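Here are a few notes for you to read alongside the structure. Have it open while you go through them.

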Amino acid sequence: MPRFFRSHFFVGAALVVASGHALADEAARSAPAAPPAPAAPAAVAPVDDPVRAKALSDEAVELANNGDFPAACAKLEQSLAAHHGLGTEFHLAGCWAKIGRTASAYALFEEVATQAHELGQNEREDLARQRMDALVPKLSRIRVDVVSPAPHIEVRRDDVLVPESAWGQPLPVDRGSHEIRVTADGKAPWSTKVDVTDPATIIAVQVPALTDAPKEAPPPPVVPVTPAPAPAPLKLQPLPAPPETPADGGTERTLAIIVGSVGVAALAGGIVEGAQYLDSNREAKGICPSGVNCTEDEISRHGKAVDEARNERTWSYVGVGLGSVAVVGAAYLFFTAPHPPPGDRQRATAIGVAPWADGRGTWGGALHGSF
Amino acid sequence: MGAFSALPSRASLVAVGFGSLVLAGCPVDERALGERAGPLAESAGGAAGDDFPQGFDASGQGGADAAGVIGSWGFAHDTSGWQAESDVDQSFSTLDADGSAQSGSLLLTNTGIGTGNQYHARGSSVCLSVAGGVTYDMFAKIRIDRGQNTGSAGFVVEFFNAPDCEGLMLNLTSYATATTERWVLAKKTEKAPDATQSAQFRLIASKLEADPPFSARFDDVTLRAE
């Protein structure tokens, strides 16, 4: 069989009829004029290209023969976009039916039937109507019931207006998700989504009475707008040199605190040694106070106590002397150092001296502060 | 000119035909097949029962009793399995092709009414699972009662590239007769396109759109693989 019979042609027998007589034959009529451009499902191509359309259609048939109907449908849509053909539309409708787009297929078969009727191609019309009949039991439908129509209400399914005459009618839809959206003057819009998953189902959507739209805020007063002056051109100027940071006296004060700490420690040591000197000296005076008939032991212990007292006195002099000098020097350094900026003053002066004692005769002081 | 020239009167003849229509790509083009005897030559003088396939299902409910028989319907009791199209009345008739009192036939009436001067074929169909690349013989016994307006009856077999008679129709073949008052055996042989997966066997009654309803009877309908 020639290829065009296999995939691209309808071949049929003529029906030759006489009233009350027996007659039949196979025949065909001359070709009608090319059909006008229909409301094709695909975008109308700006350039009519029958050759490309034929090639695309051949590919589509091949794809469909291999079971890839989604791809075949896409090819047929491209073919229609390149060149309108009633046969291509017929194929595409069948293809859509195969992939579940039953409502689209039904509508396209109807389109084919209508065009074929206008063209006098009654066999094609009959074929298309037969395919429509076969689709009817498989069609899923959505019925939109409008309970309380508001003035100027509009019902749209997937952005397509559903005329009032179709309200309450189960209208065929493809499988998939569909949005029902209802609007009316002065009313808040209402919408819902409907998922159609099974064939031969009817889904009823009841549109409730629309609520009043919220009052809108009054528009802002109209203010004449004067154009803003054009910005002045920027002049690049050298950045001013950063000001020199004034000396805050930190180094001097740090040094003063260190020296002062050493001086305080030395002074404390001198005082302690002085106290021990007094103690040792008192002990020495207590041994054989008369100085007559003193035993060797008393003489020896007295001598040791006197030596200790001398050493302690010496260290007392050193400690107190050096400590005093250091404290005085530190005080001088501290108070003669430059003052920091006001914001830093508190931080720079946060120092202090705290005395301590452990209750066992040991005492001293601790210096603390932050710099 | 075959059967066409053998008829006594041509004044009231109306010829309509299935053209060969380019489906895609090229402008719609009908190939003029020309007048030829075709299957009419086989059936014009044939009596019911001639050349009829063996293995016919006497129960009339379809089936594949014999080797190669894809479907066979004798309409013994009803018309079950056949789906009437729109504008068609379908019923069981007790008039059997073989005159059996225990069987009957399927009666189709095309009720579509319009204003156009076009023939429209409407009918009833059954979908069958068939294989591509196989040659099939199609048979039906058809009877048109006298006294009706212009019309004809026959069958169409359509081959699809998907199961359940869905997808793309790859090809079709048909047969029609206008013989009245006797049973005519209609026979056609066709090779299914390679990608064929199913076939729709349609019994049709054709009439002018503007004419009143037109009826035909069908019996012993069979599709058989060679």
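Predicted model: local features only at pLDDT ≥ 70, side-chain atom pairs only at ≥ 80, totals over all residues.

**Notes on the model**

1. On the H2(A) side, the contact is made by A:Arg52, A:Ala53, A:Leu56, A:Ser57, A:Glu59, A:Ala60, A:Leu63 and A:Ala64. Facing them from H3(A) are A:Phe69, A:Ala71, A:Ala72, A:Lys75, A:Leu76, A:Gln78, A:Ser79 and A:Ala82. Sorted by type, the residues of this contact come out as 10 nonpolar, three polar and three charged.

2. Now the geometry of that pair. H2 of chain A covers residues 50–65 and H3 of chain A covers residues 69–82; they pack at an angle of about 165°, and their axes are 8 Å apart. Angles over 145 degrees count as roughly antiparallel, so that is the label for H2(A) and H3(A). Their crossing is left-handed.

3. Over to chain B, which has one helix and 14 strands. Of its 226 residues, 54% count as buried. Take the contacts in chain B between residues at least 6 apart in sequence: 69% of them join residues at least 24 apart.

4. Two backbone spots deserve a look. Most residues other than glycine have a negative phi. A:Ala200, however, has a positive phi, near 55°, and B:Cys165, also not a glycine, has a positive phi of about 55°.

5. Where do A:Ala200 and B:Cys165 sit? A:Ala200 is in the chain A loop between strands E7 (190–196) and E8 (202–207), and it counts as exposed because it has 11 C-beta neighbours inside 10 Å. B:Cys165 lies in the chain B loop between strands E10 (151–160) and E11 (169–177); with 22 other C-beta atoms within 10 Å, B:Cys165 is buried.

Definitions and conventions
Residues numbered from 1 in each chain as written. Chains lettered and ligands numbered in written order. Axes fitted to C-alpha atoms, helices over the stretch in contact; angles between N-to-C directions. Helix = DSSP H or I, 4+ residues; strand = E, 2+ residues; numbered from the N terminus. Parallel < 35°, antiparallel > 145°, perpendicular 65-115°, else oblique. Left-handed = near helix turned anticlockwise from the far one by under 90°. Contact = placed C-beta atoms within 7 Å. Nonpolar A, V, L, I, M, F, W, Y, C, P; charged D, E, K, R; others polar. Buried ≥ 20, exposed ≤ 12 C-beta atoms within 10 Å, placed from the backbone.
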